[in-house]
Amino acid sequence: MINESLLPVKGCLVTRDDMGLGVVQGTVKGTSGWRAKVFWTQLKDHKYEPLDGLQSAFKPQMEVQHRATMIGWESLGQGRVIKSRVVAGSEQVLVEFFHSGERRWLPYQVLEWIKGPVHRFQLNQFEKAGSAERMRLRILAHAIDNWHQNTGALSGLDIDPLPHQIHLVHHIVNSGNLNWMIADDVGLGKTIETGMLISALKRREEAKRILLITPAGLTRQWQEELYEKFGLDGFRIYGNEFTIDEPRHWKMYDHVIASIDRLKSDEHLELLRHAEPWDLVIFDEAHRLSRRQYGMKFDSSQRFDLARTLRPLTKAMVLLTATPHQGKQDKFQSLLQLLRPERKEDIRDLALNPEILGEMVFRNNKSDVTDAEGNFIFQGKTTKSISVGVSPEAVAFDKALQEYLQEGYAAGNRLGYKGNAIGFVMTVYRKLATSSAAAIMAALQRRRQRLLVDGQQQKAAIESDERFIGETEELFDSSATEFFQGELELLDELIEKCRAYLANDEKLNGFLKQLTPQVLARNPDEKILIFTEYRSTQEYLQHALANHFGAHKVSLINGSMDQPSRKLAIQQFEGEGQFLISTEAGGEGINLQSKCHIMVNYDLPWNPMRLVQRIGRLYRYGQKKRVVVFNMQAKNTLDDQITQLMYERIDQVVNDMAALGSEFNERMHDDIVGEIAGLIDVEEILEAANGTSIDRTAERIEEALQRAKESADKQKDLFEHAETFDASRLAGKINIESHHLHSFAEGMYTVLGIEVVERSHGNKVWALQFSEQQMDELGTRRSRRKVTFDRVIASQSREIELLEPGHFLFDYLLDKARRYEFGGVNSVIKLGQVADQESNKSSMPKLLTAGYLCWQDLAGIRRNQEFSIWGVDGGGKVSKNSRALLQKLTRKWEDGALEVGAEKELLSSVERRMDEGLQGDASKLLLPELREFIAIGRVEP
């Protein structure tokens, strides 16, 4: 029986059995008071009926549309009746909704009976005038929304996502599992991939609460890039823009960026431990989550313990790292166990079943990625060594320095463990001497000053984060007393010799008078990025370049600068500037590929991976030119010679590994350099090289390189099983681009009667005029707006709004076009000839259909939903998402006048093809759920 408190919506199906005709069925046409106006099918008449005499007429497999009966409520959309029940006299219907895959028990009074595309097609009920264009817009609306849900690629049209980025996000969100390690090479756009992933998950409503954990120096940059590239403006930086005093306050913040070294402390971790659960936790530079195994025990860092604490507090975790393995299998497996703790036993036996990496690791190499046309996007790089002479003054200084270093190391050894600090200072002085005369001079003068000012002791703590080690170690000093007897006198002699060395600095002269003029001779406006480990060298170069070219031409960035200051320096460099001098910490996260392709390494770090990371500032996605790297190499000291030897041998080994038969593969070379640099551990060898022969040091470098090569080979074999970019995976998808959005919006304006009163900026900006009804539906009182799909134009004017998924107007257009009452469900269309690129012939389908294939996970939740267009020719041959048909989507469709014929067997061909697709893409995590048409059209010859 009917619940009298519920009025049936228009289109609701009802029955009653007291008319003398048995049970009859009718459709509600409206209500008046507690009566319903019903059109009775058998009687072919309208009658007003009391509500208490009506019952549900909905049957399984009927298609229905939910109607929101109160202001502020939203329709659940279209669905199919599964079954009915009566609970305490209330008749309810279980409906499975197509768009969400959700099943709901609902009172039948809120459901409208509709005829879906298949039902109408079987009845030969085709829509009339204007329906062809509405079908085009209906198909485009579904294609746009589904593409964005699957890739996040429409969140910022200026990002121009590459195929490997689209494929990565598409694969992850549709894999049935969101716990992944994204291990793409440096420079392949992990920030873009992350922004696209977040956008896709938000569009799917699968990620409301997100915690992004980054190195301290990158929190602001992540916030800015997520906003500027993806319009994600809800992220707040913990400890900067807000703090938490009680765990319950975490529920106030759904999108958080936080520094890993802030959260790892006991105080902050305890607050975080009791926060509301997260939908997604992302760790940037996840290789810093260190846990090593020693026998049966594990030694975990605080960072790893933070991730392990968060793992049960989030539905999904994503790890970002360009160096996931680093030759440390136990550490790598610990990261995998963070992602998939339920696969602990399988991960433990990774060597026996490496194929499981395909379920949790995504890795793309620079040598493999291409643009949309299949062209390799990296233009390669050239590395040149610039050898400079050795002045007599440099030789004299080095001789004195070696004497000082031997005395210092000996003093440290005599003290045992307590002397480690002295040994550390000596090693730092060696590094500073290989960087520049100015760097070692500044350090020696600081040491002398420390000894002269009695009792003064510097309290310098070396950062645990290696990115800042260069800037902090040059300031370190352990004692205000002499390391050894006579140190002060030896320091005075050293400083005098260093002063003479500075007056005739061959390395600086080679940079200013040899290298720089040659670079600028080809292009006087060329911009040059210069890297050094140390602030003293940075300031030395800044002064020298400013004297030669003017202070306005020289900018610098280092770890002591805040994000706004760094950003300003980069803007100056990319504007009127010509030289940017950066330290390791200053250069972290900067992307200069759009304005610069020349790099100079004024010093070479003892850790070769840091050199790879430097080059990654230019050699990354968006670089249109060949990157040229100049390494300044002097032979003033034994350490200079050993460092040069190390880099020469690394290059020789990499060249051998990059040879395929007799051919050298340059793109593979660039990948292998990063792998070897991440695996070779030579810093300890260089530290121990003091006073030993260069031949013995060379032997130890060879041994380290051999171990690195073996690890690289094993790592390569292992990552062969990781998921990677495969162009064929996207070949059959509907790739939505900006011109599709433009065509869709323009078509909707015409159909909905939204007036375009002005076009400007080469038809890129439209001024729109809304009616009163449209303003009410949009929820705005502004009758006129200027909109564009061009992000650059939108950023230059507050009056012009960027139209994209997520903007209320664009989402309004999408919602309108997808509604059943919009039309375009069944139409006769006139397409004209469709060129087939493969056969180079013109052809035309007789039937055009569009719809979804859906898969669910083991918990019955929809995890994959693919929208496609199928065309069927007269012989029953089915084509899916053909490029020729997709091109037709951007042009207005005309109504056809075809006399309806019997072509139902063609639809059966499509249904069989859909079932094959459902079965073919199923996996152990994804099961077929349903196939659903949203439009079926006959094509006029």
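Predicted model: local features only at pLDDT ≥ 70, side-chain atom pairs only at ≥ 80, totals over all residues.

Trainee: What is the mean pLDDT of the protein?

Mentor: The mean is 86, and 92% of the residues reach 70 or more; pLDDT is the predictor's confidence in each residue, from 0 to 100.

Trainee: Where does pLDDT stay under 50?

Mentor: That happens over residues 455-465.

Trainee: Now the rings. How many aromatic pairs are there?

Mentor: The count is 20, where rings of Phe, Tyr and Trp (its six-membered ring) pair if their centres lie within 6.5 Å; planes under 30 degrees apart are stacked, over 60 edge-to-face, and the rest tilted.

Trainee: Why is the pair of Tyr238 and Phe242 called tilted?

Mentor: Their ring centres are 5.5 Å apart and their planes at 55°, so the pair is tilted. Both Tyr238 and Phe242 belong to one aromatic cluster with Trp250, Tyr253 and Trp278.

Trainee: Are Tyr238 and Phe242 buried or exposed?

Mentor: Tyr238 and Phe242 are both buried (under 20% relative accessible area, with exposed being over 50% and partly exposed in between, for a 1.4 Å probe and protein chains only).

Trainee: And the sheet: what is the order of its 5 strands?

Mentor: This open sheet runs β9-β8-β7-β6-β10 with antiparallel pairing; strands (E, at least two residues) are DSSP runs numbered from the N terminus, and two strands pair if DSSP finds at least two bridges between them.

How values were computed. Residues numbered from 1 in each chain as written. Heavy atoms only, no water. Contact = heavy atoms within 4.5 Å. Helix = DSSP H or I, 4+ residues; strand = E, 2+ residues; numbered from the N terminus.
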